[in-house]
Amino acid sequence: MNVENVNLDIKITPEESSLTAIALISFKNVKSKISGIILNPDLSWDKIIAVHDNREYQLKPIEIDIPEDILYRVAKAWEIKLPSELNNLENLTVSFVYSGKILKSTWDLNYINSTEVELADYALWYPYFNQMSFSFNLTLHAPQDWIWISNAYPKPCKHCFKWRNSNPQIGVVLIGFPEKQAIPERDDGILEGSKKNYNKLKPLETEFKKIIKKQIDWLGSPNQENFSIVLVRREKGGAYVRGNLMIYPEELPEDYFTKYSRNVIASWIHEHSHLWFNKAPSDNWHNWIDESLAEYSAYLLAKDYFGDEFFETIIKRRKELIEEASELPAINSINRLHEKSYTVFYHWGALIHESIREKIGTELMKKVIAHLAQKSISREQVDTTDYIESLNAVTKEDWTDIVNKLVSSKPDVKTL
Ligand SMILES: [Zn+2]
């Protein structure tokens, strides 16, 4: 079973933290049931209907256990047994009508309240299926004096807001702020969203813009451009990227706007790098490929832009972090849900690339990363084998054993 397209028609009432929705979902190759539908536990089904051969079928969801491999911890899971007339169809479109409030989300990243809205897959505000990516249309009925932002291209609409994204996405994002609290729209601006810290972040935006131009020269055009950073007010949780949108919590310690501004920019480059590195499976160890390459690409660009000393400091600090952490597992023994996955995938992973750069030089290493980036934007999926293939193709040497050993051994900087 595959999800091809999601058509969302949503009404949001910020004061009530509530939404009412119709999600029209087109499936391909459904057998006898629609399984693994995940939804926010405070949303409830009003009606689920499939239409086939001019006949309407009312469908009944049955609650099931949440699958083990699901990243979302605030969720209910459902499945629908289809009547025999709807079995084994090549195409099936189902209309899910549901409503309720968004009160809790995984890691408290998402919410609807009277002064701001942040919705992404963490809130499960639309029927979600694990490991899917899909094109979507979004029609929004919500306060007209708010600014609304989605990871899609805006379309005109008289009394609503509309977007369309034909590039497959792993999640639909919707951010809203009352106009008075939002950064005004600009033609070439990267920063959007809450304007509270806008003036402090503006100099960082200017530098970031120059660096990502260089990144596009290096890695080639990504499938989506017009990258934006949407500032949100929450104090908890990190940044994430969906398509060409990075959601970024603006509440930073004061010295991040000054002394550590280069580190903030490096973290933005990490997220920008996911425009290329987003095709490794997120539910197994191969996820290290996306995270470590996003991280290491940021280091290499920072090297060019901020100088060798800044780069050396980052590498030294990453080595210390590996040495300070005790009992780190091997990359290929965990997935991103593991408590040490950040240190192992991001930091240890980046150090693996750095150890290879030390052997082959910066220019060749950049070619290896660009080689994999191009593969990644043209393919459905990439994994560690593709990384090794890019290394072998560019260097004309066989790296299979070296890489396999590094990903299957416990992190230890002495082995690099
Ligand atoms: Zn990342």
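## Strand pairing around E8

Isoleucine 48 stands opposite phenylalanine 96 in E8. Strand E4 (residues 43-52) pairs with E8 in the antiparallel sense over seven bridges, where strands are DSSP runs of at least two residues, numbered from the N terminus, and two strands pair if DSSP finds at least two bridges between them. E8 (residues 89-101) also pairs in the antiparallel sense with strand E2 (residues 18-30), over twelve bridges, and leucine 19 stands opposite glycine 100 in E8.

## Basis of the model

This is a predicted model, in which local features need pLDDT of at least 70 and side-chain atom pairs count only at pLDDT 80 or more, whereas totals for chains, interfaces and linings use all residues. Residues are numbered from 1 along each chain as its sequence is written.

## Helices H1 and H2

Helix H1 (residues 198-219) and helix H2 (residues 261-273) pack at an angle of about 40°, with their axes 10 Å apart; helices are DSSP runs (H or I) of at least four residues, and the axes are lines fitted to C-alpha atoms over the stretch in contact, with angles running from 0 to 180 degrees between N-to-C directions. H1 and H2 are therefore oblique to each other, since angles under 35 degrees count as roughly parallel, over 145 as roughly antiparallel, 65 to 115 as roughly perpendicular and the rest as oblique.

Leu204, Glu207, Phe208, Ile211, Ile212 and Gln215 of H1 meet Ser261, Val264, Ile265, Trp268, Ile269 and His272 of H2, contact being counted if C-beta atoms, placed from the backbone, lie within 7 Å.

## Domains

An automatic or database domain assignment divides the protein into domain 1 (2-181), domain 2 (191-260) and domain 3 (287-415). The C-alpha centres of domain 1 and domain 3 lie 35 Å apart.

Key: Two residues are in contact if their C-beta atoms, placed from the backbone, lie within 7 Å.
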